[in-house]
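This report describes the strand arrangement in one protein model. The sequence and structure are shown first, followed by the account.

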Amino acid sequence: MSVKYRYRSVSPTTIRLVTLEPASNDDALRCQIRHVELASTRAGGPGGGQKVEYEALSYEWGVLGATEDLVCDSGVLKITPSLDSALKHLRWGHKGRTLWVDQICINQEDVAERSQQVCLMGDIYRNAKQVVSWLGEDADGHGVVARSFITGLSEGKFPPLGKQIPYDITLLANNWPVRDSPQWEALRAILSLGYWTRLWILQEVELAHRVTLQWGRTEMRFDVLHSCCLFLFGQNSGLWEILNWKLFNVLDLGAIIAHNPGPTSGASFEGRMTLGSNFKSTQAQDRIYAILSLVNDGPAIQPDYAKSVPEVFMEATCKTIALRKDLGIFN
């Protein structure tokens, strides 16, 4: 019978990192968990010591039931199937890979710890070497075709169509793939993934130095995908229709990053709340907590998952009114 992994407590300035052991695709997931001072993950940290490097994982939790085994040190953690799949794709075969993963690095059964660690998440994503966005398994094998088409569009390998309506004859005349081609199907598939609708993506991607997307075994850069979508946005809206208008999922996120790079951008708390209403969250409290690291003018709120949803929203509303000295939050 497996022994449940027992967490050691963390201080308000400490985080956990997980190092995945190298393995082949079919091997069980194994890892080590260690504690590090958050300050040591920043360049020029305390004492001039070597910076602790890691990657931060951004992903969909999916089904909330934790049913899969992750062997951690001398115990076993239960994780969700979506995370199990992500880690099996992300681990390397030749050496360990160090990540910060919320589901593992925060004791999900300790409400006080969850509340405390959420306060650090802005710095965790900001200090990471890169953010790896796991888009999910590429069950239909679209990844390679999607990456090739996305790269071509972003690099200007297809001539602009301007206001030309993208009938197949027009596409063919301009050396574009026709509407029902594998290229458009693959691009439509990646833009339609549920990952793009997550509320926490605002923080995870916006604060990152670099974002690498991984869809199954296929990797690509977020900025390349965003460049592709910008190019398509400049064409006849008939192209948007081919993609079921899904390019706006990526365009909206890219615009946030470009114009609001972190809490010094001037983006208001109320503006972030409005923006966040277009995204989904599993817990309603996160509509407040997920944006706290992205603004510097918000109410002084300490995340506390022991509070009910009405309590959290009432606190945010009352403190914002007191801070602004007006009722603008209701506009």
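Two strands are said to pair if DSSP finds at least two bridges between them. The model discussed here is predicted.

By that criterion, nine strands form an open sheet in the order S5-S4-S2-S1-S6-S3-S7-S8-S9, and the pairing is mixed. Strands S5 (75-79) and S9 (218-221) are the edge strands, each pairing on one side only. From one strand to the next, the twist averages 35°.

Strand S3 covers residues 55-58, and both of its faces are covered. Glu 55 and Leu 57 lie on one side, Ala 56 and Ser 58 on the other, and all of them are buried.

S3 runs parallel to S6 (residues 97-100), to which two bridges join it. The bridge partner of Glu 55 in S6 is Leu 99. S3 also runs parallel to S7, with four bridges between them; here Ser 58 stands opposite Ser 133 of S7.

Strand S7 (residues 130-136) is in turn parallel to strand S8 (residues 211-215), and five bridges join the two. Ser 133 stands opposite Leu 213 in S8.

Helix H5 (residues 143-154) lies across S8 and S9.

Technical notes:
Residues are numbered from 1 along each chain as its sequence is written. This is a predicted model: local features need pLDDT of at least 70, side-chain atom pairs count only at pLDDT 80 or more; totals for chains, interfaces and linings use all residues. Side-chain values use heavy atoms; hydrogens and water are left out. Axes are lines fitted to C-alpha atoms, for helices over the stretch in contact, and angles run from 0 to 180 degrees between N-to-C directions. Contact means heavy atoms within 4.5 Å. Buried means under 20% relative accessible area, exposed over 50%, partly exposed in between (1.4 Å probe, protein chains only).
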